Amino acid sequence: TAATVFRIIVAGADYILDRPDGVATTHLSPAGLAYELFFEIMNLAHPHLEPMACLHSSLIGWGDGALGLVANNGSGKSTLAAALAGSGLLALADDRVFLDSATGRPVAVPNSIGLKRGSWLPLLSRYPDILQLPLIRNQGDPLHEAEIRYLLPAPPTHRLLPPIQHVFFPCYSSAVVPAAIPLTPVQALEKITAAEGWISSD
């Protein structure tokens, strides 16, 4: 099959995504461009997908299912996902998880775990080469400015991933003893929405 090529152009303070159909969109930050590019890739990978939800979440294999780590940027979800993967569990996705409306299961997405500077030393025992990974500087967006290194777990081998059986909402704080607190369904929905998640009205 023919390759699909997206061009990224930096013009002054603007970041331009030139799509294969000839339509170009302009963004004020690399993060905004990356967000649209991710959805474009998902449309190519899953052209018939009717999502019931999009979660701001990492996804970890757990037995015959999966557990979701739903949270905003800076909560520690990617660090926790990397630590679990380094302990022998399977990292299935990081940052965005789409749920298929027909099955309720998550679908395969581009898989990498982005780790900011504060995560590198805590993960060093599990990933001795983490400081040798390429360093990506996300500049130009004060809300997302960071230095990031990416772990590259094995890509998914199936279109549908294992069903999500447990959902956690990590929120790291060095001043708090880690604890798992049960939530009601309404509280969970509120946290999903607060973490920039989307759930279909259908």
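Q: S119: buried or exposed?
A: S119 is buried, with 8% relative accessible area; buried means under 20%, exposed over 50% and partly exposed in between, for a 1.4 Å probe and protein chains only. The model is predicted: local features need pLDDT of at least 70, side-chain atom pairs count only at pLDDT 80 or more, and totals for chains, interfaces and linings use all residues. Residues are numbered from 1 along each chain as its sequence is written, and side-chain values use heavy atoms, leaving out hydrogens and water.

Q: Where does S119 lie, and which side chain does the S119 side chain contact?
A: S119 belongs to helix α3, residues 117-120; helices (H or I, at least four residues) and strands (E, at least two) are DSSP runs numbered from the N terminus. Its side chain makes a polar contact of 2.4 Å with that of T79. Such a contact is a pair of N or O atoms within 3.5 Å; within protein, one must be able to donate a hydrogen and the other to accept it, and residues adjacent in sequence count only if both atoms are side-chain atoms.

Q: Turning to α1, which of its residues are buried?
A: L33, E36, L37, F38, E40 and M42 are the buried residues of α1. They pack against β1 (7-11), β2 (14-18), β3 (24-27) and β7 (96-100), contact being heavy atoms within 4.5 Å.

Q: What caps the N-terminal end of α1?
A: The cap is S29, with a side-chain oxygen 3.1 Å from the backbone nitrogen of G32.

Q: E40 is a charged residue there; what does its side chain meet?
A: The E40 side chain meets R19 in a salt bridge (3.4 Å, N to O), that is, a side-chain nitrogen of Lys or Arg within 4 Å of a carboxyl oxygen of Asp or Glu. This pair links distant parts of the chain, 21 residues apart, R19 being in the loop between β2 and β3. E40 has a relative accessible area of 19%, so it counts as buried. Salt bridges with shared partners join R19, D21, E36 and E40 into one network.

Q: How many salt bridges does the structure hold?
A: There are 6. Among them, R7 pairs with D18 at 2.9 Å, N to O, linking strands β1 and β2 across 11 residues. R7 counts as partly exposed because its relative accessibility is 47%, whereas D18, at 17%, counts as buried.

Q: Which residue pairs with R117?
A: E147 forms a salt bridge with R117, their closest N and O atoms being 2.3 Å apart. E147 is in strand β10 (residues 146-151) and R117 in helix α3, 30 residues apart.
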